[in-house]
Amino acid sequence: MPGSLVGVDIVVRCEGVPMRVPSEPAVRTEGLTKRFGKTVALDRLDLEVSAGEVFGFLGPNGAGKSTTIRLLLGLIRPTSGRALIFGIDAADSVVAHAHLAHVPADVALWPDLTGAEVLALLAALGAGSDLAYQAELVDRFGLEPDRRCGTYSTGNRQKVALIAAFARRAPLLVLDEPTSGLDPLMEQEFRACLREATARGQTVFLSSHQLAEVEAVCDRVGILRCGRLVEVAGLAELRRLRLTELTATFADTAPGYERLAAIPGVESARTVSESTVALVLSGPPGPALQFLATDGLVGVAAREPSLEEIFLEYYGGSAS
Ligand SMILES: Nc1ncnc2c1ncn2[C@@H]1O[C@H](COP(=O)(O)OP(=O)(O)OP(=O)(O)O)[C@@H](O)[C@H]1O
């Protein structure tokens with residue numbers, strides 16, 4: 001039995017369990033902690049994801065993302081604290097799994113079954129799937145359903161798991177690095193599926209390394225570092241944490257560092273080339289623009305920080 005499908009297996013046993021109306025938060029963790037020997041994989045995580053939200057869960061390798069997801073799925077027991085899925089203790093996995101669909105980071109499938117057979121099996125095991133939508137997704141993801149899973153690439157295995165999860169009518173989707181094997185076209189399809197899921201009212205808990213993806217699809221983001229949640233914020237809030245970079249190009253020599261660094265609101269300045277300087281601003285750009293607006297100025301560009309830069313800032317310049 002492929003380990004990655006353990007979550008799906010649990011759903012089998014909850015057929016017929018009545019779906020609870022999700023009035024509780026989709027995910028709530030209270031002091032959730034997991035130690036493996038001396039390693040503190042997750043340290044007192046307090047997190048709440050509202051029903052209907054798309055929540056991005058970011059962190060470098062080893063930060064504790066997969067441990068959190070395994071705790072949410074009830075696959076491992078917390079050392080202390082607890083995780084709740086729509087108010088149900090994740091440890092009560094038979095009931096909790098009736099409310100979620102899961103896509104693991106490493107999708108393992110039965111190698112001798114075809115994609116179509118695996119999808120049929122997963123739909124039959126689950127607590128309810130939309131088969132017409134599943135067939136539509138097979139087309140949209142360009143999956144060749146008649147091939148045996150043993151011949152599928154990583155991306156194709158991921159497609160099977162995604163199609164099965166998106167077709168499942170579960171109020172919570174837990175997606176662990178779901179697009180790492182998909183090409184850009186399929187990533188667009190994935191994003192369309194996410195929009196359709198949220199339009200149906202489903203909640204999405206998305207663990208990802210792909211910052212552009214998180215930026216494109218998530219309402220809020222939690223950043224995990226060494227097992228600790230260092231930030232939970234909306235994307236706009238996260239961007240405000242960072243400074244703005246202004247690049248100015250002159251016809252001749254750009255002003256020197258000392259003069260630039262003295263401008264109010266300039267956090268730092270660097271020389272890009274003899275004629276170009278880059279300023280990092282913490283406040284309104286007026287004073288810097290006034291200083292720069294001389295006859296010699298030939299170009300100026302302001303840049304909003306990407307989530308990646310914000311993310312890297314948390315890790316002191318290193319994402320891993
Ligand atoms: N079964 C285990 N036994 C011992 N240590 C473990 C176990 N599972 C995870 N860890 C450790 O717990 C920490 C968190 O690991 P986890 O897999 O949750 O990180 P992650 O954020 O998912 O990383 P990645 O992005 O690389 O998947 C790491 O230090 C890891 O080595």
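Which order do the four strands of the open sheet have? The order is S2-S1-S4-S5, and the pairing is antiparallel. Strands, like helices, are DSSP runs numbered from the N terminus (E, at least two residues, for strands; H or I, at least four, for helices). Two strands count as paired if DSSP finds at least two bridges between them.

Before selecting anything, note that this is a predicted model: local features need pLDDT of at least 70, side-chain atom pairs count only at pLDDT 80 or more, and totals for chains, interfaces and linings use all residues. Residues are numbered from 1 along each chain as its sequence is written.

**Stop 1: the whole chain.** Colour residues 3–239 as domain 1 and 243–304 as domain 2. These bounds come from an automatic or database domain assignment. The centres of the two domains, taken over C-alpha atoms, are 44 Å apart.

Stop 2: Select S1 (residues 27–36) and S2; they run antiparallel and are joined by seven bridges. Within this pair, Phe 36 has Thr 39 in S2 as its bridge partner. Next, select S2 and strand S5 (88–89), the edge strands, each of which pairs on one side only. Strands of a sheet pair through backbone hydrogen bonds, either parallel or antiparallel.

**Stop 3: the ligand.** Select the ligand, then Phe 36, Thr 39, Ala 41, Gly 59, Asn 61, Gly 62, Ala 63, Gly 64, Lys 65, Ser 66 and Thr 67, which surround it. A residue is counted here if its C-beta atom, placed from the backbone, lies within 6 Å of the molecule. Strand S2 (39–49) and helix H2 (65–72) each supply at least two residues of this shell. H2 gives the most, with three residues. The shell divides into three nonpolar, seven polar and one charged residue. In this scheme Ala, Val, Leu, Ile, Met, Phe, Trp, Tyr, Cys and Pro are nonpolar, Asp, Glu, Lys and Arg are charged, and the others, Gly among them, are polar.

**Stop 4: strand S3.** Select residues 54–58; five of the five residues of S3 are buried. Buried means that 20 or more other C-beta atoms lie within 10 Å of the residue's own (exposed: 12 or fewer; partly exposed: in between), with C-beta atoms placed from the backbone. Val 54, Gly 56 and Leu 58 point one way, while Phe 55 and Phe 57 point the other way. In a regular strand the side chains alternate between the two faces of the sheet.

Stop 5: Look for Phe 57, opposite Gly 222 in S9.
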